[in-house]
Amino acid sequence: MTVPKLFQWLAGVCSFMTVWLAYVVGYFSVNLRKEYHEIIVVLPLYLLISFACYSLAVIGYRVATFNNCEEASIELKQEIEAARKDLEKKNYKFISDWK
Amino acid sequence: MPAPGLDQAAGWGLVSLAGFLFTYYSIWVIVLPFVEPDQVIHHFFLPRIYAIAGPLLAGVTALALISVFVLYVTFTPKKSKQS
């Protein structure tokens with residue numbers, strides 16, 4: 001049985017947070033350089049920001065590479081026209097005048 | 001058929017903005033602690049406390065705007081009056 005993506009992510013996030021919290025609270029005594037300590041303390045926020053940047057980049061990329069299809073648009077408009085005429089014939093009352 | 005020109009520009013603009021933000025934030029948080037305080041590069045970056053205060057403030061503002069929007073949409077009657 002494949003584990004759903006959500007549970008995979010939650011498992012990863014929870015294990016990371018336990019280790020990180022243990023370090024921040026001082027559960028185990030580790031003597032790190034001041035710079036490493038500074039970085040590790042900010043790590044969750046940094047990961048969150050990089051995830052947000054990644055999502056933004058993916059959205060932008062999909063917007064940029066989403067192909068236009070002229071013929072499908074024209075065909076759809078024709079079908080809508082035909083449907084409208086057909087329904088008007090059957091005395092259907094339209095709410096809007098959308099063409 | 002490729003996407004319309006405006007769409008492409010907006011899309012790639014978003015990508016470059018995301019890339020810039022990521023690089024700036026990464027250098028700020030990860031690279032700068034290892035750089036001597038008297039190097040010139042520090043002039044390009046705000047004091048480090050803003051690396052936490054900035055995103056925090058942005059997140060709080062985003063949440064506030066979203067909740068205002070949700071409440072507004074919930075409590076303004078459109079066609080159905082709330083009886």
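Q: Leaving aside neighbours within four places in sequence, which residues is Ser26(B) in contact with?
A: Ser26(B) is in contact with Tyr46(A) and Val31(B). Contact here means heavy atoms within 4.5 Å. Before we go on, this is a predicted model, where local features need pLDDT of at least 70, side-chain atom pairs count only at pLDDT 80 or more, and totals for chains, interfaces and linings use all residues. Residues are numbered from 1 along each chain as its sequence is written, chains are lettered from A and ligands numbered from 1 in the order in which they are written, and side-chain values use heavy atoms, with hydrogens and water left out.

Q: Thanks! Is Ser26(B) buried or exposed?
A: Ser26(B) is buried, with a relative accessible area of 13%. Buried means under 20% relative accessible area, exposed means over 50%, and partly exposed is in between (1.4 Å probe, protein chains only).

Q: And where does Ser26(B) sit in chain B?
A: Ser26(B) is in helix α1 of chain B, residues 5-31. Helices (H or I, at least four residues) and strands (E, at least two) are DSSP runs, numbered from the N terminus.

Q: What lies 2.7 Å from a polar atom of the Ser26(B) side chain?
A: That is the backbone oxygen of Phe22(B).

Q: OK, new topic. Where does UniProt place the "transmembrane region" feature?
A: The unreviewed UniProt entry places it at residues 12-32 and 52-75 of chain B. UniProt positions are given in the numbering used here, feature names are shortened, and annotations may be inferred rather than shown by experiment.

Q: How much helix is there over residues 12-32 of chain B, and over 52-75?
A: Residues 12-32 of chain B are 95% helix and 0% strand, with the end C-alpha atoms 28 Å apart. For residues 52-75 of chain B, the figures are 100% helix and 0% strand, and the end C-alpha atoms lie 35 Å apart.

Q: Which part of chain A does UniProt label "coiled-coil region"?
A: The unreviewed entry puts that feature at residues 66-93 of chain A. In the model, this span is 71% helix and 0% strand, and its end C-alpha atoms are 36 Å apart.

Q: Which residue does Lys85(A) meet in a salt bridge?
A: Lys85(A) meets Glu81(A), at 3.3 Å from N to O. Both lie in helix α3 of chain A (residues 70-89), four residues apart, about one turn of the helix. Lys85(A) is exposed at 53% relative accessible area, whereas Glu81(A) is partly exposed at 40%.

Q: What about Glu38(A), which residue does its side chain meet?
A: Glu38(A) forms a salt bridge with Lys34(A), at 3.9 Å from N to O. These two are also four residues apart, in helix α2 of chain A (residues 34-64), so about one helical turn separates them. Glu38(A) is partly exposed at 26%, while Lys34(A) is exposed at 62%.

Q: And which residue pairs with Glu35(A)?
A: Its partner is Arg33(A), with the closest N and O atoms 3.2 Å apart.

Q: Now the inside. Which residues make up the largest nonpolar core?
A: The eight residues are Val42(A), Tyr46(A), Tyr25(B), Trp28(B), Val29(B), Leu32(B), Phe45(B) and Ala51(B). α2 of chain A and α1 of chain B each supply at least two residues of this core. The largest share, three residues, comes from α1(B). A nonpolar core is a set of buried Ala, Val, Leu, Ile, Met, Phe, Trp, Tyr and Cys residues joined through side-chain atoms within 4.5 Å.

Key. Polar contact = N/O pair within 3.5 Å; in protein donor to acceptor, adjacent residues only side chain to side chain. Salt bridge = Lys/Arg side-chain N within 4 Å of Asp/Glu carboxyl O.
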